[in-house]
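Me: I'd like to go through the side-chain contacts in this one, and then look at a pair of strands. Could you take my questions as they come?

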Amino acid sequence: MRLDPIAAPSLRRQIGLPALALLATIAVAMMLALIAGANPLATLGLIAKGAVGSKFAALETLNRATPLIFTGLAVAVAFRAKLWNIGAEAQLYAGAIVAVLLGTGVLGAPLVLPVSALAAMLAGALVLLGPVMLKTRLGVDEVVTTLLLNFVMLLFVSYLLEGPMKDPMGMGWPKSAALVKEARLPRIVDGLRLHWGFALALIAAVAVWVIQTRSTLGFEMRAVGQNREAARFAGMPVNVVLVKTALLSGGLAALAGWSEVAGLKGHLSSDLSPGFGYTGIIVAMLALLHPLGVVLSALFVAAIFVGSDSMSRAAGVPTYIADMLLATALLFMVLALMLTRYRVVWK
Amino acid sequence: MTDPRDVVMRLDRITKRFGALTANDAISLTLRRGEVVALLGENGAGKTTLMNILFGHYVADDGRVEVFGQPLSPGNPRAALAAGVGMVHQHFTLADNLTVLDNIRLGTESLLSRGASRAAARARVDRLSRDFGLAVHPDARVGSLTVGERQRVEILKALYRDARILILDEPTAVLTPQEAEALFATLRRAIAQGLSILFISHKLHEVMAIADRCVVLRHGKVVGEVTTAETSGAALAAMMVGGEIALPEARPATAGKVLMRLDGVTTPDKGAAPGLKRVTLDLRAGEIVGLAGVSGNGQAALADLISGLILPGSGSVTMDGPLARWSPREAIRQGIARIPEDRHKTGTIADFTLTENAVLEGYWQPGFSKAGLMDWRAAEGFAQGIIAAYDVRCPGPGARIRLLSGGNMQKLILGRVLEPGPKIILANQPVRGLDVGAIAYVQSRLIAARDGGAAVLLISEDLDEIMGLADVIHVMSEGRLSPGFPRGSKTAAELGLWMAGQGFDHAA
């Protein structure tokens with residue numbers, strides 16, 4: 001077997017193959033439902049209904065998509081510069097901690113929201129800065145350091161919740177005190193369970209898109225990502241660009257945690273994120289690292305999660321189907337993208 | 001005419017299309033026993049495609065290949081080897097950490113075998129290297145060999161596999177004139193023993209010296225087949241490009257003041273590549289300094305230093321006074337135009353557009369960006385200007401640069417670095433891999449820049465290029481720099497001795 005590159009892939013190939021990937025994912029989903037002993041078509045219908053079948057379901061999907069947009073953007077920004085930030089989870093919790101620190105009465109309205117958001121971004125940026133300095137100064141592989149920092153951060157959060165940040169009124173539960181009302185993100189429309197964090201995520205996506213396509217920094221980040229040697233030769237400060245990328249990426253990931261605490265939960269607990277940082281990698285990859293694509297893929301991923309939850313209650317198929325679906329979707333999509341650029345020749 | 005049994009390889013109307021492009025258009029070629037045929041052609045003429053078909057990497061759309069009267073099964077890389085065709089690539093395919101003997105046996109027999117088979121292999125390699133004049137020690141590690149020796153190992157490898165037909169792809173590109181002579185002696189012995197050789201080159205004088213016949217390709221077609229004895233280098237060049245071409249005539253220079261001075265500069269070695277060893281060099285306005293030498297003798301260190309990528313370890317570099325800071329961007333700021341050795345890896349970003357590549361070095365300047373925001377319209381205008389003024393053939397400024405041929409890519413780089421009106425031009429292998437037309441263009445631009453008062457440092461492994469263009473020639477060997485020789489004061493053979501490292505002791 002051999003791969004022949006295709007110089008200019010046809011439009012049919014570029015659209016048809018990803019569509020085929022989606023169909024294949026659905027086929028796998030139906031197979032999984034069958035194995036679990038449910039009616040495959042009905043299961044699919046239940047997932048769709050659970051995700052977008054009612055106003056409540058749709059809003060739930062948007063809420064779930066919010067942190068995924070942030071972490072997806074964080075990953076997309078970093079990966080575009082070939083900075084392998086696997087630590088969005090840790091940066092997310094850094095943002096969540098700051099939301100609690102500044103949101104429990106230290107600051108009042110109207111300062112508390114903007115200040116805590118900026119401080120959260122700074123905290124997330126600092127969490128990623130360490131691994132990046134190790135990379136640029138000593139050549140330490142950031143995949144390892146950012147990945148392992150996730151566990152360090154989770155343990156640190158557990159310590160905080162059992163110790164200094166434990167809610168005295170929490171009846172012994174490991175959670176922080178609740179945010180004061182001024183520190184909470186309001187709902188976009190009264191009575192609808194959707195907070196301003198979602199709007200902020202959309203704004204962030206557009207902002208990242210503008211940075212990448214219009215700014216000198218975006219030009220540098222793309223150049224460093226595509227060809228570090230050429231970027232260096234052309235006089236770009238490669239290490240400075242990597243540090244700036246890290247600050248942006250870490251900051252975006254931190255906003256995910258900040259908005260979950262300030263917008264949705266109102267307090268910090270160690271189950272704040274069911275792996276939003278890691279899922280952000282899938283979101284970014286499905287979006288081909290395009291910041292506006294991240295919004296769409298985050299919505300898709302959130303819909304699968306929310307829909308599977310609801311389907312599971314109705315049909316008795318385990319929610320693990322959601323994880324399997326995402327994994328299959330990613331694998332098929334990566335395969336489809338490779339096949340748009342290469343032709344397989346069997347020998 | 002000749003006995004048909006003498007034909008060892010026959011390509012019959014080979015055709016290969018890539019979409020709308022016909023890379024090989026009904027190419028026919030015969031190679032006879034004991035004959036050297038040169039395959040000549042510009043870049044993109046279809047030589048590489050033809051070789052890839054012969055070696056089973058591509059399958060031809062039409063036509064067939066016969067070796068010793070037997071059809072070669074298409075698309076099977078082992079078929080050519082089994083049929084007795086050996087290829088010596090331009091870039092060697094040797095394992096540095098293995099010995100010569102193991103490299104030769106690699107792929108044909110188990111390296112773990114000891115005793116009898118190993119001894120037999122060694123005896124065979126010894127005999128082959130004696131018979132063909134390929135002196136190289138079988139137990140030496142390939143990593144410690146010179147480029148010329150590595151090439152000998154490649155040839156031995158092919159001979160060891162009983163190749164009766166040798167295909168050499170630009171074999172002299174990496175050799176000193178003396179090493180090239182030794183290679184030719186080996187090839188003559190091979191012919192005498194009944195082997196046949198297909199010799200791919202763009203150096204016309206070598207083709208004239210070694211080949212019996214020349215087959216010239218242009219735009220995928222055979223445009224001419226001539227007996228070497230009945231043609232001239234000029235006629236071949238004309239055939240390659242399809243018309244008489246005027247190679248630039250360099251007028252004598254009028255050297256002005258020193259624009260950059262290196263004084264006793266030493267830089268650290270980088271792995272196997274030597275750094276500079278107390279190099280002293282003046283670059284003067286209106287003068288082309290040619291730097292000759294076999295690749296890997298410190299040219300990279302000198303180019304990196306002037307490009308701003310590395311700092312001198314000791315010694316000093318002065319331009320209008322000592323340099324306070326030094327970086328690629330500082331070099332650009334100081335008016336140094338840098339044409340890098342590898343335009344694909346260092347000079348351009350393949351998936352960026354022509355516009356993006358045009359402003360890769362200058363995007364931070366006021367004309368192209370303001371307050372951190374790019375002015376893409378200005379950038380595109382700049383790219384359009386280069387495309388028009390430097391005759392870059394391309395679909396437009398928004399096309400990805402990977403779609404361009406090497407010559408057009410180089411023209412864009414030329415425009416990028418020459419448009420700002422540089423004081424110093426560092427041209428590192430500026431015409432390597434380009435076709436004759438593009439070579440003439442690039443060289444005439446360099447001469448024009450010199451006549452306009454720029455100092456040019458031309459680094460090349462091609463001695464002809466250096467001798468044709470440079471006003472002053474320096475030779476580098478193991479990081480040391482020879483004294484400057486004025487144009488015409490040294491013959492190629494004399495420079496070849498310096499390239500091999502002789503003469504430095506007296507000079508130092």
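Me: Which residues do ring pairs link into a cluster?
Reply: Ring pairs link Phe219(A), Phe352(B), Tyr363(B) and Trp376(B) into a cluster. Please keep in mind that this is a predicted model, in which local features need pLDDT of at least 70 and side-chain atom pairs count only at pLDDT 80 or more, while totals for chains, interfaces and linings use all residues. Residues are numbered from 1 along each chain as its sequence is written, chains are lettered from A and ligands numbered from 1 in the order in which they are written, and side-chain values use heavy atoms, with hydrogens and water left out.

Me: How many aromatic pairs are there over all chains?
Reply: There are eight aromatic pairs over all chains, where rings of Phe, Tyr and Trp (its six-membered ring) pair if their centres lie within 6.5 Å, and planes under 30 degrees apart count as stacked, over 60 as edge-to-face and the rest as tilted. In one of these, the ring centres of Phe219(A) and Trp376(B) are 5.4 Å apart and the planes stand at 80°, so this pair is edge-to-face. The pair crosses between chains, with Phe219(A) in helix α8 (residues 216-226) of chain A and Trp376(B) in helix α13 (residues 376-389) of chain B; helices (H or I, at least four residues) and strands (E, at least two) are DSSP runs, numbered from the N terminus.

Me: Buried or exposed, that Phe219(A)?
Reply: Phe219(A) is buried, its relative accessible area being 0%, and Trp376(B) also counts as buried, at 16%. Here buried means under 20% relative accessible area, exposed over 50%, and partly exposed in between (1.4 Å probe, protein chains only).

Me: And which ring does the charged end of Arg222(A) sit over?
Reply: The charged end of Arg222(A) sits over the ring of Phe352(B), at 5.1 Å from its centre, the rule being that NZ of Lys or CZ of Arg is within 6 Å of the ring centre and within 35 degrees of the ring normal. Arg338(B) lies over the face of Phe233(A), 4.2 Å from the ring centre.

Me: What about Arg213(B) and Glu225(B)?
Reply: Their side chains meet in a salt bridge at 2.3 Å, N to O. Arg213(B) counts as buried at 10% relative accessibility, whereas Glu225(B) is partly exposed at 41%.

Me: Last topic: which residues make up the covered face of β12 in chain B?
Reply: The covered face of β12 (residues 279-284) of chain B consists of Val279(B), Leu281(B) and Leu283(B), and the uncovered one of Thr280(B), Asp282(B) and Arg284(B). Strand β11 (residues 258-266) of chain B pairs with β12(B) in the antiparallel sense over five bridges, given that two strands pair if DSSP finds at least two bridges between them. Arg284(B) in β12(B) is the bridge partner of Val258(B).

Conventions:
Salt bridge = Lys/Arg side-chain N within 4 Å of Asp/Glu carboxyl O.
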